[in-house]
Amino acid sequence: MTALERVISQGCQLAIFIIAARILSPAEFGAFALVSAVAIILLRVAEVGWAPYIMSWSGDSRVPRQVLALAMIAGLAVGAVGVATGYALPVFGLGADTGHLFSLFSVWVFLATISSAQKGVMIWGNRLKASAICEITGELAGLAVAVTALLNGAGLFSLAYGRLAYQTTHLGLSFVFTRMAPALGMPKAERRDLWAFSARMFTSRLIINVRLYVATFIIGGFLGPAAVGYYRAAERLVGSVGEIVSVPTQVLAWNLFRHARDEHDGSTAGFQSAANGFFKILSAIALPIFMWVAVMSGDIVHGLLGEEWLPALHVVAILAAARAIALVGVVTEPVLTIAGEVGRLPWLTARLMIVTVVLTLGAAMTGGLLAVAWMQVAIAVITLAITLPMLRRYAGIDGLEVAANCKRLLLPLAAAAAILIWEREADLLPQINPLLHAFVMALPSLVVYVALTLMVEPALRAPILARLRRRKGAA
């Protein structure tokens, strides 16, 4: 259900993005991306570490209810500051539309802060299906509102209206499922523990998000709104695929490694075994998807966005490679938090932030859009080199053992890539729609990949064969 949630969620967001790209210019889309990036950073300020604290809580519902109340207060405070800032922006020379857009996003920050805590409550209560229903329904509501507004000429504001519709729907439904009212009066000892945890989590998450959007700000400053539009379009396409993989992966990681800890008396003794199986399945699913995006980026961009956006195609291919290299990062936060090493996260993210800013800034100043994109690949490699020793030292996960456990996937992946590249270079079926072409060309390589993977990976083959035998026996 969690994977279905991500597919529907990303499908809705991608639909909005595609329609918006067909209506808005790259410069307009870039301006929206800059305001949106600032709003997301404000959201991380308001979220602090409420949801992770709730998800890692092992007691009754009293503390989650109290944390939920604090999330409401924080969201209201940050949202109010944002609205006031939006109204003040025209005084400093920015357009009234920019100020209005920022104010709308600030209201979204208020709603999203509470929704984030509510999602933490549902995951803490093992209500993953309820959480998925909230996400799916909210995304469908956001899609309906955003597309209607776009087609009626609301422009940039359409995307903000869609986010507000999504968040309002998600929040209302989440309370229907949890039926858990917020509560004040957290005892001093628990409040002190919450602040200590949240301070570390807040620093880490804020730096992570600034790091994620630093390229947007740097490109906007050095290369202009149109370049931001192309870069963010590429990020959005790759990110849509990445989130289908990473979001359910993180949810499963929180549950998997928490159970591994609980089964070994609170220690990390079971983390290596859990990681071996976890990363094998993750790699088997994610790597061929990113490979397909990288190889067929031209068809994907042309088919989804149109010829106006073709300057983004090489950026899409490069960012897909960077995202594949950075896969291990999706479990860093849950693993270190559950291992009791959440205090390591701010130091890790601070180092990565410095690397990201320095390398991205250097690329933007000396090169162009492609230089910035290639630098993200370098940053992903450096991130991997920094993260793996920390996971080994503080969570007992040996990256080399995990990699050795996944090495059999290299042959199927290489074979699938070779077939896909040959099909692209041979220019087969050039007369069909570019997006349809990208999917049709994927079919032969997919068949080969699945067949070879099942052949060389007994651990992945056995569960499938066992299920087929059960169905045959039932028939």
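Predicted model: local features only at pLDDT ≥ 70, side-chain atom pairs only at ≥ 80, totals over all residues.
The C-alpha trace spans about 60 × 55 × 50 Å along its principal axes. As for how much is tucked away, 51% of the 475 residues count as buried.

**Helices worth a look**

- Start with helix α6, which covers residues 128-151 and so has 24 residues by the way helices are assigned here. From its first C-alpha to its last, α6 reaches 34 Å, close to the 34 Å expected at 1.5 Å a residue.
- After α6 comes Gly153, and its phi is positive, near 85 degrees.
- Helix α9 runs over residues 225-263, and Gly229 lies in it. Gly229 has a relative accessible area of 0%, so it counts as buried.

- Ala27 sits in helix α2. Its relative accessibility is 35%, so Ala27 counts as partly exposed.
- Now follow the chain to Pro225, which is 198 residues apart from Ala27. Despite that stretch of chain, the two C-alpha atoms are separated by 4.8 Å.

**Two residues with a positive phi**

- Here's some background: most residues other than glycine have a negative phi.
- Val48 isn't a glycine, yet its phi is positive, about 50 degrees. You'll find Val48 in the loop between α2 (26-47) and α3 (50-56). With a relative accessible area of 14%, Val48 is buried, because the cut-off is under 20%.
- Leu429 is another residue other than glycine with a positive phi, and its value is near 50 degrees. Leu429 lies in the loop between α17 (410-426) and α18 (434-456).
- Is Leu429 buried or partly exposed? Leu429 has 38% relative accessibility, so it counts as partly exposed.

**Cysteines**

- How many disulfides turn up in a search of the whole structure? The search finds zero.
- Take Cys12, which is in no disulfide. The nearest cysteine sulfur belongs to Cys134 and is 15 Å away, so this pair can't count as a disulfide, which needs the sulfur atoms within 2.5 Å.
- Cys12 is buried, with a relative accessible area of 4%.
- Cys406 counts as buried too, at 12% relative accessibility.

**A nonpolar patch on the surface**

- Phe222, Leu223 and Met365 make a nonpolar surface patch of about 290 Å².
- Met365 belongs to helix α14, which covers residues 344-366. With a relative accessible area of 54%, Met365 is exposed, because exposed means over 50%.

**Salt bridges**

- The idea is simple: side chains of opposite charge can pair when their charged atoms come close. A search of the whole structure finds seven salt bridges, and three of them are described below, starting with Glu47 and Arg44.
- The side chains of Glu47 and Arg44 meet at 2.8 Å, N to O. They are three residues apart in helix α2, so about one helical turn separates them. Glu47 counts as buried, at 8% relative accessibility.
- Lys280 forms a salt bridge with Glu457, and their closest N and O atoms are 3.1 Å apart. This pair links distant parts of the chain, 177 residues apart. Lys280 is in helix α10 (residues 271-295), while Glu457 is in the loop between α18 and α19 (458-474).
- Are Lys280 and Glu457 buried or exposed? Both are buried.
- Arg424 and Glu425 also meet through their side chains in a salt bridge, at 2.9 Å, N to O. Arg424 counts as partly exposed, at 35% relative accessibility, whereas Glu425 is exposed, with a relative accessible area of 56%.

Methods: Residues numbered from 1 in each chain as written. Heavy atoms only, no water. Buried < 20%, exposed > 50% of the residue type's maximum accessible area, 1.4 Å probe, protein only. Helix = DSSP H or I, 4+ residues; strand = E, 2+ residues; numbered from the N terminus. Expected span 1.5 Å × (residues − 1). Patch = residues over 30% accessible without salt bridge, like charges linked within 9 Å, V, L, I, M, F, W, Y side chains within 5 Å. Areas by Shrake-Rupley, 256 points an atom, 1.4 Å probe, with all protein chains shown as cover. Salt bridge = Lys/Arg side-chain N within 4 Å of Asp/Glu carboxyl O.
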